[in-house]
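Thank you all for coming; I would like to walk through one structure this morning, a few places at a time. Please have the sequence and the model open while I talk.

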Amino acid sequence: FSETEKIPVMRGQWFIDGTWQPLEEEESNLIEQEHLNRFKGQQLQESFDMEVSKPVDGKEAIHSLKLSRNHVDWHSVDEVYLYSDATTSKIARTVTQKLGFSKASSSGTRLHRGYVEEATLEDKPPQTSHIVFVVHGIGQKMDQGRIIKNTAMMRDTARKIEEKYFSNLATHVEFLPVEWRSKLTLDGDTVDSITPDKVRGLRDMLNSSAMDIMYYTSPLYRDELVKGLQQELNRLYTLFCSRNPEFEEKGGKVSIVSHSLGCVITYDIMTGWNPVRLYEQLLQKEEEELEDPWMSYEEQRLLEELYITKQRLREIEERLHGLKASTVSKPPVLKFKVENFFCMGSPLAVFLALRGIRPGNSGSQDHILPRTICNRLLNIFHPTDPVAYRLEPLILKHYSNISPVQIHWYNTANPLPYEHMKPSFLNPTKEPTSVTDSESVSTVPSPTTSPVMVRRHYGESITNIGKASILGAASIGKGLGGMLFSRFGRSSTTTPQTLETGKDGAEGDDKKATTVGTPPLTHSSSGFLEPAVELEHRIDFELREGLVESRYWSAVTSHTAYWSSLDIALFLLTFMCKHDQEETDKSNLDTL
């Protein structure tokens, strides 16, 4: 929130019987002052857990206090009633008293000094053992404070999941919003001054949201964005540790949940990536390719001299940096080690691809994010999120033909652990379509041992293209409309990771109540892959589509729909509480 926006904090002293809601602070202070002046030193006649609805019929008031719109009667030190002085209330009191009812029972509201339960030393928040920094993407300038509200939604959703599934664990996770955009000045109001007045509302919205992407690709403002997020992360961590000194002593862990462009900035902070380094690598590559048959001897000699001079310059710079590093220890970019890095609706894969990252031969996460920097990288996306892209094919190319892991529904009974879910084809079985009958499933090569199959439809590596989508895209044509249709098209058939594979998909309506698992079928019939080159850990995780979800409407709303998802809350806690869960399970087995 902005510095001028203040959050009121109330101190409850007097509470209303039944609802246990506190009185307004002004009235509560007046009643408390009067109560202390009149009854200080007197003992309560009843225990704290007394019968709160005990009547006071026939008992006269021993003290009264007039307030602006009400008055309070004390019948004893612990029998206090509030009455409204409104005309209608007075008339009702007169009528009911003539009918034989007492004043207190007819129109009085009993008050209690103190809450229904006494506080104990154990009534304190559990010790936080895992903090999660929640980093926003674009659009924060347009809607300041939005990340605080989104984090509150994620925290409330996680609390529900925590109470239901992880109440017996020692791990307590706290979500902290990281608002890094609003403090940055960047170009001041230069962009606003050059913005035309027509459709100004739309232009202002784009300036406050999509413009952040252009700022980040600008060599002039990129460093300001990176430093803004880096400093805010370190500031919040230092502040949290100062208020929770036992956090570091007891080995507290830190994870980061980033959304949209925030994933890219967080990644660059952790890895220290800089466009200048990429430029130097390109120059070095050019220098190494000096052999040119059309180059004259003089040109080649001068280029070789230039190359040697630059090499010498680099050596001197490295020695100079070494001397500085030996005298002044450079502080780490972040003051903490990142345990888990969760990306939500992330375009990080596109940025890495444009930086020259290409698939390798090892299934290690180190290819794009070393585990010495971050223990686990997890990429979460909705199947119709137009901003999200997959990361796994940047590590192993054949994973473009392997389905992302389906995230369990939060109410799934006995879900199969994610590490036990086998990789499967995007389209393990397809009904005959316009494709020739010769292209049967049995003749499709294993994607772990063969080159990546040529996909006929844009975006098929992220979404399953079913029969309806193929025919629909063909009818639309090869233009932009066909691309969009194929990008967001998704078959209604159930993948092997969703429960039992129904013959006609009839069992799909009951998906939420069944057990998520993968039956041990053969490769040719199930689409599972033979063990070959696989990822050490899966990285791409995909939310399941709703049964009645419109794909086109979902494409508009899915990018901002992650915050209140119970499925995502369960997914996050599953990985953050994994160690404690394994320890608990192990101790239970030892006991047995």
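**Strands, helices and one threonine**

Let me begin with strand β8, residues 253–259, which runs parallel to β9 and is joined to it by 5 bridges; strands here, like helices, are DSSP runs numbered from the N terminus, a strand being E over at least two residues and a helix H or I over at least four, and two strands pair if DSSP finds at least two bridges between them. What we are looking at is a predicted model, in which local features need pLDDT of at least 70 and side-chain atom pairs count only at pLDDT 80 or more, whereas totals for chains, interfaces and linings use all residues. Residues are numbered from 1 along each chain as its sequence is written, and side-chain values use heavy atoms, with hydrogens and water left out.

Within that pairing, valine 254 stands opposite valine 338 in β9. On to strand β10, residues 374–381, which pairs with β9 in the parallel sense over 6 bridges, and here phenylalanine 342 has leucine 378 of β10 as its bridge partner. Is β9 itself mostly covered or mostly uncovered? Strand β9, residues 338–344, is mostly covered, with 6 of its 7 residues buried, where buried means under 20% relative accessible area, exposed over 50%, and partly exposed in between, using a 1.4 Å probe and protein chains only.

Next, helix α18, residues 566–576, has 9 of its 11 residues buried, so this helix is largely enclosed by the rest of the structure. Among the buried residues of α18 are Phe571, Leu572 and Met576. At the start of α18, a side-chain oxygen of serine 565 comes within 3.3 Å of the backbone nitrogen of aspartate 567; a polar contact is a pair of N or O atoms within 3.5 Å, where within protein one must be able to donate a hydrogen and the other to accept it, and residues adjacent in sequence count only if both atoms are side-chain atoms.

Finally, please find threonine 151, which lies in helix α4, residues 146–165. Why does threonine 151 count as buried? Threonine 151 does so because its relative accessibility is 0%. A polar atom of the threonine 151 side chain lies 2.6 Å from the backbone oxygen of isoleucine 147. Leaving aside residues up to four places away in sequence, threonine 151 touches Val134, Phe175, Leu176 and Pro177, contact meaning heavy atoms within 4.5 Å.
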